[in-house]
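Please report on this protein model. Cover the fold, the charged pair, the ring pair and the surface.

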Amino acid sequence: MGLSYDQISTSDIIARAKMQLGISNTTDNDIWFETLANEAARHLDCLSVTVKRTCKLDIDGTSVCLPKGFKKFVALRFVD
């Protein structure tokens, strides 16, 4: 018998937590809740809770603006 599971989005987790805390009518703490949810998922050490994506990063001198939700570099390729 195989295991079955459902994947729950971070926004659903945040909404449920806010409902339990009685603060569902505000977005003041959403970034903090998202940070906690991402840290918890990272500590599960399970690849199914992370999503690998390809993106283009524009490097400006010595800095780069990373996309929202960025956690870890897997590979890097420089293109002219």
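The report below goes from the overall layout to single residues.

**Overall layout**

This is a predicted model. The protein has two helices and two strands. Read from the N terminus, the order is α-α-β-β. The chain counts 80 residues, and 8% of them are buried. The exposed surface comes to about 7900 Å². Carbon and sulfur atoms supply 54% of that area. Take the contacts between residues at least 6 apart in sequence: 27% of these join residues at least 24 apart.

**Lys18 and its partners**

Which residue pairs with Lys18 in a salt bridge? The partner is Asp30, with the closest N and O atoms 2.9 Å apart. A search of the whole structure finds one salt bridge. Lys18 lies in helix H1 and Asp30 in helix H2, so the pair ties together parts that are 12 residues apart in sequence. In general, side chains of opposite charge can pair when their charged atoms come close.

Helix H1 spans residues 10-21. Is Lys18 buried or exposed there? Lys18 is buried, at 8% relative accessible area; the cut-off for buried is under 20%. Asp30 has a relative accessible area of 22%, so Asp30 counts as partly exposed.

Lys18 also has a backbone partner. The Lys18 side chain reaches the backbone oxygen of Thr26 at 2.6 Å. The link to the Asp30 side chain counts as a polar contact as well, at 2.9 Å. Leaving aside neighbours within four places in sequence, Lys18 is in contact with Ile23, Ser24, Thr26, Thr27, Asp30 and Phe33.

**The ring pair**

Phe33, one of the residues in contact with Lys18, also takes part in an aromatic pair. The count of such pairs comes to one. Trp32 and Phe33 form this pair, and its geometry is tilted. The ring centres are 5.4 Å apart, with 55° between the planes.

**Asn38 in helix H2**

Helix H2 covers residues 30-44 and holds Asn38. Asn38 has a relative accessible area of 19%, so it counts as buried under the 20% cut-off. Beyond its neighbours within four places in sequence, Asn38 is in contact with Thr10 and Lys71.

**Accessibility of selected residues**

| Residue | Relative accessible area | Class |
|---|---|---|
| Lys18 | 8% | buried |
| Asn38 | 19% | buried |
| Asp30 | 22% | partly exposed |
| Val64 | 35% | partly exposed |
| Leu66 | 39% | partly exposed |

**The nonpolar patch**

Which residues form a nonpolar patch on the surface? They are Ile59, Val64, Leu66, Phe73, Leu76 and Phe78. Together they have about 620 Å² of accessible area.

Val64 sits in strand S2. Its relative accessibility is 35%, so Val64 is partly exposed. Not counting residues up to four places away in sequence, Val64 touches Leu57, Asp58 and Ile59. Ile59 is itself a member of the patch.

Leu66 lies in the segment after strand S2, which is residues 63-64. Leu66 is partly exposed too, at 39% relative accessibility.

Notes:
Residues are numbered from 1 along each chain as its sequence is written. This is a predicted model: local features need pLDDT of at least 70, side-chain atom pairs count only at pLDDT 80 or more; totals for chains, interfaces and linings use all residues. Side-chain values use heavy atoms; hydrogens and water are left out. Helices (H or I, at least four residues) and strands (E, at least two) are DSSP runs, numbered from the N terminus. Buried means under 20% relative accessible area, exposed over 50%, partly exposed in between (1.4 Å probe, protein chains only). Contact means heavy atoms within 4.5 Å. Accessible areas come from the Shrake-Rupley method with a 1.4 Å probe; for residues, only the protein chains shown count as cover. Patches are made of residues with over 30% relative accessible area and no salt bridge: like charges are joined within 9 Å, nonpolar side chains (Val, Leu, Ile, Met, Phe, Trp, Tyr) within 5 Å. A salt bridge is a side-chain nitrogen of Lys or Arg within 4 Å of a carboxyl oxygen of Asp or Glu. Rings of Phe, Tyr and Trp (its six-membered ring) pair if their centres lie within 6.5 Å; planes under 30 degrees apart count as stacked, over 60 as edge-to-face and the rest as tilted. A polar contact is a pair of N or O atoms within 3.5 Å; within protein, one must be able to donate a hydrogen and the other to accept it, and residues adjacent in sequence count only if both atoms are side-chain atoms.
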